[in-house]
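Biologist: I have not seen this structure before. Can you take me through it in short steps?

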Amino acid sequence: MACQVDQWIGSTSHSTDRYARGDSYDWVTLNARLANELTDNFEMQYEASYQWMDLDPKGYQGNNAVDGDYAKLTVAPTFKPQVGGFWQRPEIRLFASWSDWDEALNGFTNGDALGDDSFTGSEWTFGTQMEVWF
């Protein structure tokens with residue numbers, strides 16, 4: 001049973017004069033999701049994301065210019081009870097995600113956790129998700 005690419009996204013974005021004259025925001029994003037169906041009722045899902053940002057708000061709302069990147073890796077065992085026939089839902093998923101980012105991004109704002117100098121990346125997130133159709 002081979003892994004299949006469930007989703008592949010790559011995008012870039014550029015804007016100027018969005019909030020203040022002369023401001024500039026650039027992003028490059030790559031995302032891939034793989035699904036490995038092991039049985040009819042269980043699959044492993046994997047996701048990798050990368051985003052590079054070059055943000056220059058020209059002081060808008062007190063924000064500072066920063067340049068850096070962000071990465072996230074996720075592993076998600078997925079249970080598929082195969083009840084009903086409407087696109088084979090629900091799916092119940094456990095997940096563990098690891099994310100990391102450049103400390104330089106902390107300097108963008110002082111108004112949230114990303115502005116805190118002690119927020120240095122390499123964080124874990126654990127949880128559950130459920131897909132269901134009505």
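Modeller: Here are some questions and answers on the fold, the core, the rings and the surface. Keep in mind that this is a predicted model.

Biologist: What pattern does the protein follow along the sequence?

Modeller: The protein has zero helices. Its strands number six. Read along the sequence, the pattern is therefore made of strands, numbered from the N terminus. It is β-β-β-β-β-β.

Biologist: What share of contacts joins residues at least 24 apart?

Modeller: The contacts counted here are between residues at least 6 apart in sequence. Among them, the share that joins residues at least 24 apart is 53%.

Biologist: Which residues does Met 53 contact, leaving aside its neighbours within four places in sequence?

Modeller: Met 53 belongs to the largest nonpolar core. Leaving aside neighbours within four places in sequence, its contacts are Asp 26, Trp 27, Val 66, Asp 67, Gly 68, Tyr 70 and Leu 105.

Biologist: Is Tyr 25 buried or exposed?

Modeller: Buried means under 20% relative accessible area. Tyr 25 has 5%, so Tyr 25 is buried.

Biologist: How are the rings of Tyr 19 and Tyr 25 arranged?

Modeller: A ring pair is described by the distance of the centres and the angle of the planes. For Tyr 19 and Tyr 25, the centres are 5.9 Å apart and the planes stand at 90°. Planes over 60 degrees apart count as edge-to-face. So the pair is edge-to-face.

Biologist: What kind of aromatic pair do Tyr 25 and Trp 27 form?

Modeller: Both Tyr 25 and Trp 27 are buried. Their rings are 6.1 Å centre to centre, with 15° between the planes. Planes under 30 degrees apart count as stacked. The Tyr 25 and Trp 27 pair is stacked.

Biologist: Which residues do ring pairs link into a cluster?

Modeller: The whole structure has six aromatic pairs. The cluster linked by ring pairs is Tyr 19, Tyr 25, Trp 27 and Tyr 60.

Biologist: Why does Phe 79 count as partly exposed?

Modeller: Phe 79 sits in strand 4 (residues 66-79). Phe 79 counts as partly exposed because its relative accessibility is 39%.

Conventions: Residues numbered from 1 in each chain as written. Predicted model: local features only at pLDDT ≥ 70, side-chain atom pairs only at ≥ 80, totals over all residues. Heavy atoms only, no water. Core = buried A, V, L, I, M, F, W, Y, C linked by side-chain atoms within 4.5 Å. Buried < 20%, exposed > 50% of the residue type's maximum accessible area, 1.4 Å probe, protein only. Contact = heavy atoms within 4.5 Å. Helix = DSSP H or I, 4+ residues; strand = E, 2+ residues; numbered from the N terminus. Phe/Tyr/Trp six-rings, centres within 6.5 Å; stacked < 30°, edge-to-face > 60°.
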